[in-house]
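Here is a short tour of one protein chain for you to follow with the viewer open. Take a look at the fold before reading on.

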Amino acid sequence: QVQLVESGGGLVQPGGSLRLSCAASGSIFSINAMGWYRQAPGKQRELVAAWRSRGITNYADSMKGRFTISGDNAKNTVYLQMNSLKPEDTAVYYCNINYRATPWDRYLEVWGQGTLVTVSS
């Protein structure tokens, strides 16, 4: 089973920056995509950004220009650089991986436990 270890959350003032990291470990043959989602209190979980192993990325519209996702194939790790943070960015941020354990397996999905990002003065 694959496990995801997230780090980098915390408290930051409006306009500040944070960098989240998510490292995957376990039996991984190939990664289709890794991404970050977030869930604010009382709201549904939403996509923040996704990264594919070939370097293709996509972002939610509200994050474009402020957030940057990147990945390291060798380390099975994805990063989320968040700049110009706003109070409305406050949420629990979850890492997600879509992967195969062997060439013959179907793709599986695993979620991290989440890391809290609080943007407040």
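How many of the 10 residues of β9 are buried? Nine of them are, so strand β9 is mostly covered, where buried means under 20% relative accessible area, exposed over 50% and partly exposed in between (1.4 Å probe, protein chains only). Please keep in mind that this is a predicted model: local features need pLDDT of at least 70, side-chain atom pairs count only at pLDDT 80 or more, and totals for chains, interfaces and linings use all residues. Residues are numbered from 1 along each chain as its sequence is written, and side-chain values use heavy atoms, with hydrogens and water left out.

**The chain as a whole**

- The protein chain has 11 strands and zero helices; helices (H or I, at least four residues) and strands (E, at least two) are DSSP runs, numbered from the N terminus.
- A compact globule of 121 residues would have a radius of gyration near 14 Å, and the 14 Å of this chain agrees; the radius is taken over C-alpha atoms, and the globule rule is 2.2 Å times the number of residues to the power 0.38.
- The C-alpha trace spans about 50 × 25 × 20 Å along its principal axes.
- Buried residues account for 40% of the 121 residues.
- Of the contacts (heavy atoms within 4.5 Å) between residues at least 6 apart in sequence, 56% join residues at least 24 apart.

**Strand β9 and its partners**

- β9 runs antiparallel to β4, and nine bridges join the two; strands pair if DSSP finds at least two bridges between them.
- Tyr 37 has Tyr 94 in β9 as its bridge partner.
- β9 also pairs with strand β10 (residues 108-111) in the antiparallel sense, over four bridges, and Val 110 in β10 is the bridge partner of Ile 97.
- Three bridges join β9 to β11, again antiparallel, with Leu 116 in β11 as the bridge partner of Val 92.

**The nonpolar core**

- In soluble globular proteins, nonpolar side chains tend to be buried together.
- Here the largest nonpolar core has 30 residues; such a core is a set of buried Ala, Val, Leu, Ile, Met, Phe, Trp, Tyr and Cys residues joined through side-chain atoms within 4.5 Å.
- The elements giving two or more residues to this core include β3 (18-25), β4 (30-39) and β9 (91-100), and β9 gives the most, with five residues.
- Residues with the most contacts inside the core include Trp 36, Tyr 93 and Ile 97.
- Leaving aside neighbours within four places in sequence, Ile 97 is in contact with residues including Val 2, Leu 4, Met 34 and Leu 108.

- Thr 115 is found in strand β11 (residues 115-119) and counts as buried, at 11% relative accessibility.
- The side chain of Thr 115 reaches the backbone nitrogen of Gly 9 at 3.3 Å.
- Beyond neighbours within four places in sequence, the contacts of Thr 115 include Trp 36, Val 92 and Tyr 93.
- Asn 58 lies in strand β6 (residues 57-59) and is partly exposed, with a relative accessible area of 35%.
- Asn 58 and Pro 103 are 45 residues apart in sequence and 26 Å apart in space, C-alpha to C-alpha.

Methods. A polar contact is a pair of N or O atoms within 3.5 Å; within protein, one must be able to donate a hydrogen and the other to accept it, and residues adjacent in sequence count only if both atoms are side-chain atoms.
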